[in-house]
Amino acid sequence: MLPSRFLLLPHCPTAPALTPTPTPPGGARSPSSVALRFGSPGGVRLRRGRGSAAVAMASDGRVERIASSIRAIPNFPKPGILFQDITTLLLDPQAFRDTTDLFVERYKDKDITVVAGVEARGFIFGPPIALAIGAKFVPIRKPKKLPGEVISEEYSLEYGTDKIEMHVGAVQPNDRVLIVDDLIATGGTLCAAAKLIERVGAKVVECACVIELPELKGRDKLGDMPVFVLVQADESV
């Protein structure tokens, strides 16, 4: 029996990346009204009203297994937040492998030369994807974490601003880059990462995330930047 908080999204790794629509500034990971929801076993349903969203589609149970392994933690890291915890996914070797495999199947023939992982959970999913598709892995980190010369990009939070950094020379102008993170919420971090990549003249092919919280409109902030997710959150709990 599947947990009622999940939405099962069908998987189609060969489907073209679809362009998203324009997100408010970055902030909390997920509000109290949000949870992942699956439909009934054996059937699939896509979240309505998201025609521009590129989402994983699967009939082999992998997306279902991934979503079932994600734990929702109420009131973390502060009251009113329903935190989507991927550490339980990492405890399930098959779900972890399924997650990597679905991304690899999508990107193995897209001539990706760089996988850029956003701190911190992009460091978990990015390296195995990079190894499998023969790309280099580049960490995008919080300030003062990288030695040597860096470029930085500031982005807005609900209260104030934050910044991410990347080593100078890690990404070259002719690189084709996949940006990886665990979750897209308001889109501020992914937008800043994409700007870093574009500033050095490289092309962002797509942003890939395990989870999306569509009601926070993260795709809006990214404009025409393609986004691909495995599991979309459904605000009806």
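Tutor: This is a predicted model. E149 sits between β6 (136–140) and β7 (150–156). E149 is exposed, at 58% relative accessible area, because the cut-off for exposed is over 50%. Leaving out residues up to four places away in sequence, E149 touches M166, H167 and V168. V168 is 19 residues from E149 along the chain, yet their C-alpha atoms are separated by 5.7 Å.

Now the helix, α4. It runs over residues 122–133, twelve in total. At 1.5 Å a residue, α4 should span 16 Å, and its end C-alpha atoms are 16 Å apart, so the two agree. Its buried residues are G122, F125, G126, I129, A130 and I133. They cover an arc of only 125° around the axis, so they lie on the same side of α4. What do they pack against? Their partners are α2, α3 (93–107), β5 (114–118), β6, β9 (176–184) and β10 (203–212). After α4 comes G134, with a positive phi near 75°.

Helix α2 covers residues 87–90 and holds T88. T88 has 19% relative accessibility and counts as buried, because buried means under 20%. Its side chain reaches the backbone nitrogen of R71 at 3.2 Å. The T88 side chain also reaches the backbone oxygen of D85, at 3.2 Å. Not counting residues up to four places away in sequence, T88 touches S69, I70 and R71.

Key. Residues numbered from 1 in each chain as written. Predicted model: local features only at pLDDT ≥ 70, side-chain atom pairs only at ≥ 80, totals over all residues. Heavy atoms only, no water. Helix = DSSP H or I, 4+ residues; strand = E, 2+ residues; numbered from the N terminus. Buried < 20%, exposed > 50% of the residue type's maximum accessible area, 1.4 Å probe, protein only. Contact = heavy atoms within 4.5 Å. Polar contact = N/O pair within 3.5 Å; in protein donor to acceptor, adjacent residues only side chain to side chain. Expected span 1.5 Å × (residues − 1). Arc of directions from axis to C-beta.
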